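Here is a short tour of a protein model for someone seeing it for the first time. Have a look at the sequence and the structure, then read on.

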Amino acid sequence: MAERVLVIGSGGREHALAWKLAQSPQVKHVFVAPGNAGTADNGKISNSAVLVSNHTIVTQFCKDHNIGLVLAGPEALLAAGIVDDLRAAGVRCFGPCARAAQLASSSSSSKAFLERHGIPTARWKAFSNPQEACRFITSTDFPARVVRARRPAARKEVTIAASKEEACRAVQEIMQDRMFGEMVVIEELLQGEELSCSCFTDGVTVASVPPAQPHKRLLEGEQGPSTAGMGAYCPVPQVPEALLDQIRGAVLQHVVDSLRQEGAAYVGVLQTGLMLTKEGVKILNFKCQFGDPQCQVILPLLKNDFYEVIQATIDGKLCSCMPAWWEDRTAVCVVMASPGYPGDSEKGMEVTGLLQAKELGLQVFHGGTALKDGRVVTSGGRVLSITAVRQDLMEALGEANRGLATIHFQGATFRRDIGHRGLRLLRQPLALVYKDRHVGTGTRDVWSRLPQTSAVRGTRAGGRSEGGGFAAFFDLKASGYHDPILVSQTKGLGPKLQVAQVCKRHDTIGQDLVALCVNELLAQGAEPLFFLSHLACGKLDAEVMETIKEGIAEACRSAGCAFLGMDPPEVTEEAPCPSGPWALAGFVVGAAERGQRLPGLQRAEEGDVLLGLGSPGIHGRGFGVVRRILLTSSLRCSSPAPGSCGHGTLGDVLLTPGKMFSPALLPVLRSGHVKGCAPTAEGLLGGISRLLPEHLSAVLDALSWKIPEIFCWLYKEGNLSAEEMAQSFPCGIGAVLVVQKELAQHVLQDIQRQQEAWLIGKVVAPCHTGSRIAVENLAEALQLSSPQQLLKDSTAEIQPRKRKVKVAVLVSGAGTALSALIGSAREPGSCAQLVLVISNRPGVEELRSAARAGIPTRVIDHKLYGSRSEFDSTIDRVLEEFSVELICLSGFMRVLSSPFLRKWKGKILNASPSLFPLVKDGNAHQEPLESGLKVAGCTVHFVLEEPSAGAAIRREPLPAEAGAALRERLREAELRAFPPALQLVASGAAWLGAHGRTCWRRGSHRLSPEEEQQGHGASSPAAAEPQEQRGLWADP
């Protein structure tokens, strides 16, 4: 069902947010409050006059209009706690809580935060007395010329002064105007390249956004006063991937992790203003939303559904819906401002030429505009943002400037040189990182003592290194090429390197890096020729360096390419990261004869076959999920590998390198029998989607290939869905080929001579319901391959886990089991911990019982919500807040919605007064009497959308008798059945299988519920089990 969305704000950023949200098929309408002329009755977008400063009024508006999602643009509202207030009222809201928003709302708080966590920033000091501030400015030995108001204000909040005198005048102005707060922060003026790096984050996972570079000065040539932004472009071509890896890990992830450690989990978009100085990357400031105009160049490059990314972020599942970006496009935005800006600007001037700009294919985002008598007029300082998206920076800038020539209003101020810094730097490497390397004398000495790894190691014809360093020559003719096309690829190792650091094991990461790069070349039908690498580290360790280089050299030998060298490592001892390598990137160049490149998507046809090549490695976004699982797991990287995942530690298994496919695939690719090839390092679904044109879909059968045990452990330990597994992990498939059906067996046999491979699926006609790629039987396959050692370790007695499972109990005042559950959870050896009691009715006795037991309680009154889904989503949010893993229903009198039941499938327990297939009405205890049977009882079961006797966990039979006596005995039966049933599930002895039936772990067998009650023990479970369950538990 499509949702209504409310975007709060009136600027170009809010217009861009509404524009992008309106593109989602899941969004029915977007309200913008108060909005501007560009958001007034524009298709699915319209303005609202709701008073956004009053959170109570906003909440009521959301309930009256069935608003399913709110985005707050202005940071002042975030700092005032609008997200906290809306969420408390049951309204889904995207953005950080007030405490986390202090990162942007308070300059002194953010600076103190950076100092506490050792994150580099400019030198600074906060003052409440203007005289003391001026004395500091004039006496420091560094240029203290950046003056910030403590809190964002209606006017400019930062002054970059040209002199100390100007800085002192700015202090006086700010301190005299209490709109800016009672404190001012004086900062060092940093020199270097300014950059904006943003990310989506759900509090754990960080999904980085392409970097943007804003232009803050009013006039061309970086002249005139500082503004909020006169334009921006994205991505920034002069920033290398190694530096972006550093920023992702040492800045964005570090900030998010530190906030979570301080109890202020950050959910939303976090933007950092960075300065690339000679000393390294330093943070200038934070914003708790996309900046303006950065937003206007970032969102046009977002490839997937903005609404879905937001929902995944709110739900804490960002790792399963990572944003994807157009890689072959550049966006440039030019701001048109009113005369007088950034001071008091003129208003009411008519704006013309907007339709002509639209006809040029430009997107014009409105800021300070209003409608007057049907005409668009100016109403603020920054009036319009003209955005062009084209193939490269030069073309985009030219198109944006064409838009400037078509739009007119009196006294318009704008710059025509937006992006020229990027154009200039495209012609040379980034000097700050690659010219003036921060490598001390001692480091140089260590590096010079390391054995040189060059084309001599991992050699092939054509490659040689001359003249020292890591520059080298490659002779294509000597390699046997006649009319070659060159193909290049750059990859960074990313989060996997952090695991290697924790495990102090670096012998596999070099192989991983080469495999990532080489497999991407193979997707183009190219042969790898030579490889170079770049390393950045906090403190150089010669032994670690040699280990990495040896791994790269060995992998290059396997790939048949030359390793021309590793450039001298970049060492930033002041960086906020541990010693050792923390950024490792590789660059590979390959070649293919003209005409032998794989032609790409257009050749895949309905009926073609998909072949999968086996690989045990985990890469990319998968490690974001791994990180999240390890945060809640009782295991650490140093723990023994679970079950039959391996003989070493869990970290050793996670560091298993991916397979490199060049020896097995090159002959096959050159045969012309392969229509397409794609690696799956970033997830099984993502890899396959690269092979399919828009008019086709694919169906895979997960039972057709072998899934390594580590993926099965991640599936169960992380409580992940099959869809999340396929999105985030390769699930044992390292690359996928599209092959004509008649040639499939021939190609498969050729590959299997050197490499594990299987026929895993086929290309089919488009599926109009759900995903284009269906992975059938994945949940079953993940259970089939579950580590067999876990079965051997199980006994007839419940084995308590090292970490108790967090349980919430939902009540309505009609249940009696809560006290029994509380008592059971307190017993020694209990596997469950009651962390929350939720009631949909205030004042019930269960709330008082929970409070006496020290268990947190929440009242979520269903009468205050306009729909069942809205009520359920509020419960879901509170459950997520307390990290709940299991839910018990004790007399809960509300019917839960299907989306809620699907999300929590296998994690909701209920007790029903019946031994038979469960019914939905409230008279189940009468069923055996009416049927003439002589036995009644209570059943504790998993709650499903459709009740099923196969989901039973524990049954408590009673002799059938009529009247109140039966009801009372059923209550007693529930008290006896519910606590042990909860312990069975919490201990892992029972769980819901993929077919909606309860599965058991008991000794070396798994028993059905019927056998559990009949006392069959471990004798012969297969005899009574349904066929589907017998197949489910067969040895793989």
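## Salt bridges

Let's start with charge pairs: the count here comes to 31 salt bridges, where a salt bridge is a side-chain nitrogen of Lys or Arg within 4 Å of a carboxyl oxygen of Asp or Glu. Before going further, keep in mind that this is a predicted model, where local features need pLDDT of at least 70, side-chain atom pairs count only at pLDDT 80 or more, and totals for chains, interfaces and linings use all residues. Residues are numbered from 1 along each chain as its sequence is written, and side-chain values use heavy atoms, with hydrogens and water left out.

One of the pairs is arginine 627 with aspartate 257, whose closest N and O atoms are 1.9 Å apart. This pair links distant parts of the chain: arginine 627 belongs to helix α20 (residues 622-632) and aspartate 257 to helix α9 (residues 241-261), 370 residues apart. Helices (H or I, at least four residues) and strands (E, at least two) are DSSP runs, numbered from the N terminus. How covered are the two partners? Arginine 627 is partly exposed, at 24% relative accessible area, while aspartate 257 is buried, at 11%. Those words have cut-offs: buried means under 20% relative accessible area, exposed means over 50%, and partly exposed is in between (1.4 Å probe, protein chains only).

Next up are arginine 375 and glutamate 350, whose side chains meet in a salt bridge at 3.4 Å, N to O. They too link distant parts of the chain, with arginine 375 in strand β21 (residues 375-378) and glutamate 350 in the loop between β18 (330-337) and α12 (354-359), 25 residues apart. Arginine 375 counts as partly exposed at 31% relative accessibility, and glutamate 350 is also partly exposed, at 38%.

Arginine 505 and aspartate 507 make a salt bridge as well, at 2.8 Å from N to O. Arginine 505 is partly exposed at 24% relative accessibility, and so is aspartate 507 at 34%. Elsewhere, Lys111, Arg148 and Glu187 are tied together in a network of salt bridges.

## A positive patch

Arg841, Lys863, Arg868 and Arg894 form a positive surface patch. Patches are made of residues with over 30% relative accessible area and no salt bridge, with like charges joined within 9 Å and nonpolar side chains (Val, Leu, Ile, Met, Phe, Trp, Tyr) within 5 Å. Lys and Arg count as positive and Asp and Glu as negative, with His and the chain ends not counted. The place of a charge is taken as NZ of Lys, CZ of Arg, CG of Asp or CD of Glu, and the areas come from the Shrake-Rupley method with a 1.4 Å probe, with only the protein chains shown as cover for residues.

Zoom in on lysine 863: you'll find it in the loop between β38 (857-859) and α31 (868-881). Lysine 863 is exposed, with a relative accessible area of 67%.

How many disulfides does the structure hold? The number is 0, counting a disulfide as a pair of cysteine sulfur atoms within 2.5 Å. Take cysteine 62: the nearest cysteine sulfur, that of cysteine 93, is 8.1 Å away. Cysteine 62 is also buried, at 1% relative accessible area.

## Backbone details

Alanine 33 and proline 34 are joined by a cis peptide bond with omega about 0°, and proline 34 lies in strand β2 (residues 27-34). A cis bond also joins aspartate 292 and proline 293, with omega about 25°; proline 293 is in the loop between β17 (280-287) and α10 (294-298).

Asparagine 66 is not a glycine, yet its phi is positive, about 55°. Asparagine 66 sits in the loop between α2 (55-64) and β4 (67-72) and is partly exposed, at 38%. Serine 883, not a glycine either, has a positive phi of about 55°; its place is the loop between α31 and β39 (886-890).
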